[in-house]
Amino acid sequence: MGNESGTWIMHGKKAEDHGCIHDTEELTEYINKVGFLPLFKNEIEGFSVEENTMEEYWWTEDPRDPWEWRAVLAEEHNVAYGKFFSGKAGFISKEWIPCFANYRRDGYDFDALWDDEKANRRQKRIMDLFDVNDELFSFEMKEKAGFGKEGEKNFDGTLSALQQEMYLTTSCFKRKKNKKGEEYGWSVAMYATPEHIFGFDHVRSEYKNEPSESYGRIVTQVKKLYPKASEKDIRKLIGKKP
């Protein structure tokens, strides 16, 4: 997705094109095949949901709308969805979650990260909520963690960083409810720890390896799929070597 002369342009495929993804099942299959996939077009050509789906259906609320698919995949829990790629949204297959968790966390669970003074107070306020809650709406997190006009600042940036570091992920999208229990408005993201969704032992199963090994596996996978991708572009999307 790019802004060209003030107009947002999608870069996708036609329905009849080879490799075009037509529904959520095909998208899940493709993510499991490649291992991880950003949502939108980026520096690595072809490495996105956008470039492999039909551009005319985005944000139409049609069953073929890839924007709607992200909510379906997030709730099915066969893959993880969140801001995993340079602060931007994308998917990681269940198989590759431990690899990303080990690399991005640098071998730390969050409590150890805080104890070693590698996490900030805003991150701590949010993560403490998940000691007593399995999942929370973003607006609930903001209120309960003390963000707002008179409180902590940069909630969105803090939440993005916790996803990038693999401490939180999107668990589903749900609509708010009024006092009568009636749903209203647009669907809003709910968040949980990857451990809650995919299992403690699975998420941390790569902790036995050095984070640099996990990083190397991720980079090797990108190069295998996109041999023309430059080291600079890979680092920009995936992150720096630990």
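In the hairpin formed by β7 and β8, five residues lie between the strands, and G181 adopts a positive phi near 85°. The structure is a predicted model, in which local features require pLDDT of at least 70 and side-chain atom pairs count only at pLDDT 80 or more, while totals for chains, interfaces and linings use all residues. Residues are numbered from 1 along each chain as its sequence is written, and side-chain values use heavy atoms, with hydrogens and water left out. Helices (H or I, at least four residues) and strands (E, at least two) are DSSP runs, numbered from the N terminus.

Strand β7 (residues 169–177) and strand β8 (residues 183–192) run antiparallel and are joined by eight bridges; two strands are taken to pair if DSSP finds at least two bridges between them. K177 has E183 in β8 as its bridge partner.

A second hairpin is made by β4 and β5, with two residues between them. S86, in the turn of this hairpin, has a positive phi of about 55°. Strand β5 (residues 88–93) runs antiparallel to β4, and five bridges join the two. Within this pairing, A80 stands opposite I92 in β5. Strand β4 (residues 79–85) is largely enclosed by the rest of the structure, because six of its seven residues are buried. Buried denotes a relative accessible area under 20%, exposed over 50%, and partly exposed the range in between (1.4 Å probe, protein chains only). In a regular strand the side chains alternate between the two faces of the sheet.

Helix α5 (residues 121–129) and helix α7 (residues 155–164) have axes that come within 10 Å and cross at roughly 70°. The axes are lines fitted to C-alpha atoms, for helices over the stretch in contact, and angles run from 0 to 180 degrees between N-to-C directions. The two helices, α5 and α7, are therefore roughly perpendicular to each other. In this classification, angles under 35 degrees count as roughly parallel, over 145 as roughly antiparallel, 65 to 115 as roughly perpendicular and the rest as oblique. On the α5 side, R122, Q123, I126 and M127 meet F155, T158, A161 and L162 of α7, where contact means heavy atoms within 4.5 Å. The residues of this contact between α5 and α7 comprise five nonpolar, two polar and one charged. For this count, Ala, Val, Leu, Ile, Met, Phe, Trp, Tyr, Cys and Pro are nonpolar, Asp, Glu, Lys and Arg are charged, and the others, Gly among them, are polar.

Seven of the ten residues of α7 are buried, so this helix is largely enclosed by the rest of the structure. The buried residues of α7 are F155, T158, L159, S160, L162, Q163 and Q164. M166, which follows α7, has a positive phi near 70°.

Residue E195 is located in helix α8 (residues 194–198). With a relative accessible area of 12%, E195 is buried. Residues up to four places away in sequence not counted, E195 touches R105, F200, V203 and R204. The C-alpha atoms of E195 and Y167 are 8.6 Å apart, with 28 residues separating the pair in sequence.

The loop between β3 (36–38) and α2 (66–76) contains N42. N42 counts as buried, at 14% relative accessibility. Its side chain reaches two backbone oxygens, that of F40 at 3.2 Å and that of F47 at 2.9 Å. A polar contact is a pair of N or O atoms within 3.5 Å; within protein, one must be able to donate a hydrogen and the other to accept it, and residues adjacent in sequence count only if both atoms are side-chain atoms. Apart from neighbours within four places in sequence, N42 is in contact with F47, S48, E51 and L237.

G46 also lies in the loop between β3 and α2. Its contacts, neighbours within four places in sequence left aside, are E51, N52 and Y226. G46 and L225 are 179 residues apart along the chain, and their C-alpha atoms are separated by 9.7 Å.

Most residues other than glycine have a negative phi. W59, which is not a glycine, has a positive phi of about 60°. This residue, W59, is placed in the loop between β3 and α2 and counts as partly exposed at 41% relative accessibility. D106, likewise a residue other than glycine, has a positive phi near 55°. D106 is situated in the loop between α3 (97–105) and α4 (110–115), and its relative accessible area of 41% makes D106 partly exposed.
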